[in-house]
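This report describes the fold of one protein chain for a reader who is new to structural analysis. Please keep the sequence and the model in view while reading.

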Amino acid sequence: MALTVEDRLAITDLINRHGHLTDSGDLGALDELFVPDVIYDVTDLGGQVLAGLTAVREAARALGEANPVAHHVTNVVITEMADGRVHARSKGLGVKSDGTTGSVTYQDTVVRSDDGWRISHRTVRARRVPLTP
């Protein structure tokens, strides 16, 4: 089934909302973005593969003031997969409280649930070297 314009807008909005919820500390609302058993891979940032919303929330709380003060998402590209899932790739910029910034690539698998589109798997890859394939 082909993605509609409405589906694409909903998926893009879903990805964009992550920074708003995270930066405001509204970790209780992460279920509006992720499936309950989400796999969230932050190993490239020195973290772990987090399994489930509880683990994601606990990891964010454990970082405390080391969390970025701002998450910005750009360049969302959505690709429909044959099994009805969606692959979304986007760029992210994080701003720390000391003004330093970092760039990442988000690789998301997005699925349609009874509550709308949700991210079932997210891998975060740091961008440290320019022009790498």
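## The nonpolar core

The largest nonpolar core has 28 residues, and those that touch the most other members are Ile-11, Leu-30, Phe-34, Tyr-40, Val-86, Val-110 and Trp-117. A nonpolar core is a set of buried Ala, Val, Leu, Ile, Met, Phe, Trp, Tyr and Cys residues joined through side-chain atoms within 4.5 Å. Two or more residues of this core come from each of α1 (5-23), β1, α2 (53-63), β3 (70-80), β4 (86-95), β5 and β6. These elements are DSSP runs numbered from the N terminus, a helix being H or I with at least four residues and a strand being E with at least two.

The model is predicted, and local features need pLDDT of at least 70, side-chain atom pairs count only at pLDDT 80 or more, and totals for chains, interfaces and linings use all residues. Residues are numbered from 1 along each chain as its sequence is written, and side-chain values use heavy atoms, with hydrogens and water left out.

Apart from neighbours within four places in sequence, Val-86 is in contact (heavy atoms within 4.5 Å) with Leu-3, Ile-11, Ile-78, Thr-79, Met-81, Asp-108, Thr-109, Val-110 and Trp-117.

## The sheet

In which order do the 6 strands of the open sheet lie? The order is β2-β1-β6-β5-β4-β3, with mixed pairing. At the edges are β2 (49-51) and β3, each of which pairs on one side only. From one strand to the next, the twist averages 20°; axes are lines fitted to C-alpha atoms, for helices over the stretch in contact, and angles run from 0 to 180 degrees between N-to-C directions.

Strands of a sheet pair through backbone hydrogen bonds, either parallel or antiparallel. Here, two strands count as paired if DSSP finds at least two bridges between them. Strand β1 (residues 34-41) runs parallel to strand β6 (residues 116-127), and 4 bridges join the two. Phe-34 has Ile-119 as its bridge partner in β6, while Asp-41 stands opposite Thr-123 in that strand.

## Two hairpins

Strand β5 (residues 101-113) pairs with β6 in the antiparallel sense over 11 bridges. The two strands form a hairpin with 2 residues between them. Arg-112 has Trp-117 as its bridge partner in β6, and Ser-103 stands opposite Arg-127 in β6.

β4 and β5 are also antiparallel, joined by 10 bridges. Gly-94 stands opposite Gly-102 in β5. The hairpin of β4 and β5 has 5 residues between the strands, and Gly-99 there takes a positive phi near 95°.

α2 lies across β1 and β2, and runs at about 55° to β1.

Asp-13 belongs to helix α1. With 42% relative accessibility, Asp-13 counts as partly exposed; buried means under 20% relative accessible area, exposed over 50%, and partly exposed in between (1.4 Å probe, protein chains only). Asp-13 and Val-95 are 82 residues apart along the chain, and their C-alpha atoms are separated by 21 Å.

## Aromatic rings and a charge

Rings of Phe, Tyr and Trp (its six-membered ring) pair if their centres lie within 6.5 Å; planes under 30 degrees apart count as stacked, over 60 as edge-to-face and the rest as tilted. By this rule there is 1 aromatic pair. The ring centres of Phe-34 and Tyr-40 are 5.6 Å apart and the planes are at 65°, so the pair is edge-to-face. Phe-34 is buried at 2% relative accessibility, and Tyr-40 is buried with a relative accessible area of 9%.

The charged end of Arg-122 sits over the ring of Tyr-106, 4.2 Å from the ring centre. This description requires NZ of Lys or CZ of Arg to be within 6 Å of the ring centre and within 35 degrees of the ring normal.

## An exposed strand residue

Asn-75 is placed in strand β3. Its phi is near 55°, a positive value in a residue other than glycine. Is Asn-75 buried or exposed? At 56% relative accessibility, Asn-75 counts as exposed.
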